[in-house]
Amino acid sequence: VAEVDPMDEVVEQEGARVMIAPMAQMFLFGTEIDYETSLLESGFKFRNPNVVDACGCGESITFKDISELEAERVEK
């Protein structure tokens, strides 16, 4: 992006900067972001512990129900 929205969450680590829109922040709690390079592709990989199902291409995902997330939070 050319400009950071004042409402965006900005995360910087090891020279990489990621801006997260407010409406996406709640879906990314606990997510690990890594950059991977293989023989066939390279790019960012997102590992989100709140995803319970995803298609092979990663375009369609299903998150845990809010009651599941609350129960996990209480257990900790």
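**Ground rules**

I noted that this is a predicted model, where local features need pLDDT of at least 70 and side-chain atom pairs count only at pLDDT 80 or more, while totals for chains, interfaces and linings use all residues. Residues are numbered from 1 along each chain as its sequence is written, and side-chain values use heavy atoms, with hydrogens and water left out.

**Overall layout**

I listed the secondary structure and found two helices and six strands. Helices (H or I, at least four residues) and strands (E, at least two) are DSSP runs, numbered from the N terminus. Read from that end, the order is β-β-α-β-β-β-β-α.

Next I looked up contacts, meaning heavy atoms within 4.5 Å. Of the contacts with a separation of 6 or more, 1% are between residues 24 or more positions apart.

For the surface, I found that the chain exposes about 6700 Å². Carbon and sulfur atoms supply 54% of that area. The areas come from the Shrake-Rupley method with a 1.4 Å probe, and for residues only the protein chains shown count as cover.

**The β3–β4 hairpin**

I then turned to strands β3 (residues 32–37) and β4 (residues 42–47), which run antiparallel and are joined by six bridges. Two strands pair if DSSP finds at least two bridges between them. Four residues sit between β3 and β4 in this hairpin. Across the pairing, isoleucine 33 faces phenylalanine 46 of β4.

**Salt bridges**

How many salt bridges does the structure hold? I found two, a salt bridge being a side-chain nitrogen of Lys or Arg within 4 Å of a carboxyl oxygen of Asp or Glu.

One of them links glutamate 36 and arginine 47, whose closest N and O atoms are 2.1 Å apart. Glutamate 36 is in strand β3 and arginine 47 in strand β4, so this pair ties together parts that are 11 residues apart in sequence.

Lysine 45 is partly exposed at 28% relative accessibility, and glutamate 41 is partly exposed at 46%.

**Nonpolar patch and rings**

Which residues form a nonpolar patch on the surface? I wrote down Ile33, Tyr35, Phe44 and Phe46, with about 450 Å² of accessible area together. The elements giving two or more residues to this patch are β3 and β4. Patches are made of residues with over 30% relative accessible area and no salt bridge; like charges are joined within 9 Å and nonpolar side chains (Val, Leu, Ile, Met, Phe, Trp, Tyr) within 5 Å.

I also found one aromatic pair. Tyrosine 35 and phenylalanine 44 are edge-to-face, 5.2 Å centre to centre with 80° between the planes. Rings of Phe, Tyr and Trp (its six-membered ring) pair if their centres lie within 6.5 Å; planes under 30 degrees apart count as stacked, over 60 as edge-to-face and the rest as tilted. Tyrosine 35 lies in strand β3 and is partly exposed at 47%.

**A loop residue**

Last, I visited alanine 21, in the loop between β2 (16–20) and α1 (22–25). Alanine 21 counts as partly exposed because its relative accessibility is 34%. Its C-alpha is 8.1 Å from that of aspartate 5, which is 16 residues away in sequence.

Note on methods. Buried < 20%, exposed > 50% of the residue type's maximum accessible area, 1.4 Å probe, protein only.
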